[in-house]
Amino acid sequence: MAKYIIAHDVGTSGNKAVLVDAEGRVHGKCFEPYQTYYPNPGWAEQEPADWWNAITRTTKLLLQQAGVSPGDVLCITYATQMLGIIPMDSREGLLRRAIIWLDNRACEQAERLMRKFLGPRVFALIAGATLGGKDGLPKLLWLKGEEPDIYNKMCCFLDVAGYLFCRSTGNMVIEWTGASVFGLDLKKKVWLNSIFRYIGLDPAKFPPLVRPIDKVGELTREAAADCGLLQGTPVIAGAGDAPCAAVGSGAVGEGEGHVYLGISGWVGVVTERILQGKCGAATIHSADPSKTFLFAETEAAGGCIQWIANEFYKVEKKDPKIPNVYALMDDEVAKIPPGSNYLLFTPWIYGERAPIDDCYVRATFLNLSAEHTREDMLRAVYEGVAYNIRWIVDIVEKEFKFPLPHLRVIGGGAKGKPWMQILADVTHRKVETVCDPQEAGAVGAALVAAVGLGIYPDFESLRKVVKVEAVFEPHPENAEIYDSLFHSYQEVYSNLRGFYRRLNEKRFTEAGP
């Protein structure tokens, strides 16, 4: 009898294939990177064929490494980066490279769209948040205005998951969580067609909708051969990376929250309420068809750690005697006193969504002096992300009335013990990490598929499946320094946001297609 689910976590830096059993236990995993292209300032694109090639190779490798027969696979499913735009033609297929979530090209279109609703302030009152250059509808308007031949030719656009459904089964659809970041009526579960028409987009170019737990189709002969699986293997939709991660964290009950620390980061809460977004937080659909997902994303969490590793630890990364530069960085961070000798870092290297929503803002070291060392700067980066998370947690508690007495943390960042202790100290909250935190997205997708297959009756039954592995209690002696620096950190944006806009607005808006 088949007993494994293959879940693909299709992220920004690469695809992770994970072999999961029905109880959420990981039996194998492998990873294949792919390239991101930056053809202009603020732009970010990927080749969809690279995603599929990574999926096929990792699927075969996973089966080989785990010694699993294709007949033992219950289904294949996906957890994917969200907000991708892949224009498709019904005959020719793919029409251009994918515009991914990281892309910031549509700031001008976002502002023009909001003017149709009397400007950003009125738009925010209606929609709950302002639009930025990274949002889906402005990017579709950019495509219509700057690449009209492609816009007119496409039968529909797909997101990352939708493209993979098409390659897997031949069907062009989008699941609810992916649709909700473009314009889904969260109550009626239909596209907001009247809004699309009003802003100048053709509703016919938005694909059909399916639930995250739905069977999209079955692997075609060609897709099955590519993956080394059986033709007819079910493909369950799964969900976006954030909703899947919520399931993988085990925080699936009403009002339960989690923190994700990967390349990006977020604080998320699952709820039956349909909330109006504010303070950079938005409500999208949950992987659970009966719930929504309050989602406050910071654009760069682990991305900041990756950046400082690439730029400040180049020698160590090349040293064969240092197998893991991040473990070395963790050791060095632990030797620096809390507060990094009064050095602050704002982790806005890609702009920001939450706790402040601004596509022009960028990262900064503040109060840097000759006495500071590379290691001080390193710890300041870890702490800067933690300050950002504390700010978001405060917003979730005060503005949305969801108490978060402890933080369930998942993602690759959860593997770093010094960072988890910093997060506990900065937020004054108990921090919990789960088993296989870096695989939480894929495990979550597998558990979504398990509900879709009828293995579990509902999402509430998944709470007992995910196990806590480690707990970090806040150190009271560090509260004073972190409270002081956190309040200084919050002042940075209000004092410098005009500076960031003046510096970057022309740079981004003048970038040609």
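Which residues of α4 are buried? The buried residues of α4 are G136, L137, P138, K139, L140, L141, W142 and L143, where buried means under 20% relative accessible area, exposed means over 50% and partly exposed lies in between (1.4 Å probe, protein chains only). This is a predicted model, in which local features need pLDDT of at least 70 and side-chain atom pairs count only at pLDDT 80 or more, while totals for chains, interfaces and linings use all residues. Residues are numbered from 1 along each chain as its sequence is written, and side-chain values use heavy atoms, leaving out hydrogens and water.

**Whole chain**
- The protein chain has 17 helices and 24 strands; these are DSSP runs numbered from the N terminus, helices being H or I of at least four residues and strands E of at least two.
- Its C-alpha atoms fill a box of roughly 65 × 55 × 45 Å along the principal axes.
- Of the 513 residues of the protein chain, 59% count as buried.
- Contacts (heavy atoms within 4.5 Å) between residues at least 6 apart in sequence join residues at least 24 apart in 71% of cases.

**Helix α4 and the cores**
- Helix α4 (residues 136–146) is mostly covered, with eight of its eleven residues buried.
- Its buried residues pack against β6 (86–89), β8 (98–99), α2 (107–115), α5 (148–153), β9 (156–158) and α8 (193–199).
- A nonpolar core is a set of buried Ala, Val, Leu, Ile, Met, Phe, Trp, Tyr and Cys residues joined through side-chain atoms within 4.5 Å.
- The largest nonpolar core has 74 residues, of which W51, Y78, L140, L164 and L201 touch the most other members.
- Another core, of 61 residues, lies apart from it and includes A296, I308, M329 and I422.

**Helices α13 and α14**
- The axes of α13 (residues 325–334) and α14 (residues 374–400) come within 9 Å and cross at roughly 100°; axes are lines fitted to C-alpha atoms over the stretch in contact, and angles run from 0 to 180 degrees between N-to-C directions.
- The two helices, α13 and α14, are therefore roughly perpendicular to each other, a term for angles of 65 to 115 degrees.
- Y326, M329, D330, E332, V333 and A334 in α13 meet R374, E375, L378, R379 and Y382 in α14.

**Residue Y4**
- Y4 lies in strand β1 (residues 4–10) and counts as buried at 13% relative accessibility.
- Leaving aside residues up to four places away in sequence, Y4 touches L19, V20, D21, H27, V68, D72, V73, L74 and C75.
- The C-alpha atoms of Y4 and I308 are separated by 38 Å, and the two residues are 304 residues apart along the chain.

Terms used:
Angles under 35 degrees count as roughly parallel, over 145 as roughly antiparallel, 65 to 115 as roughly perpendicular and the rest as oblique.
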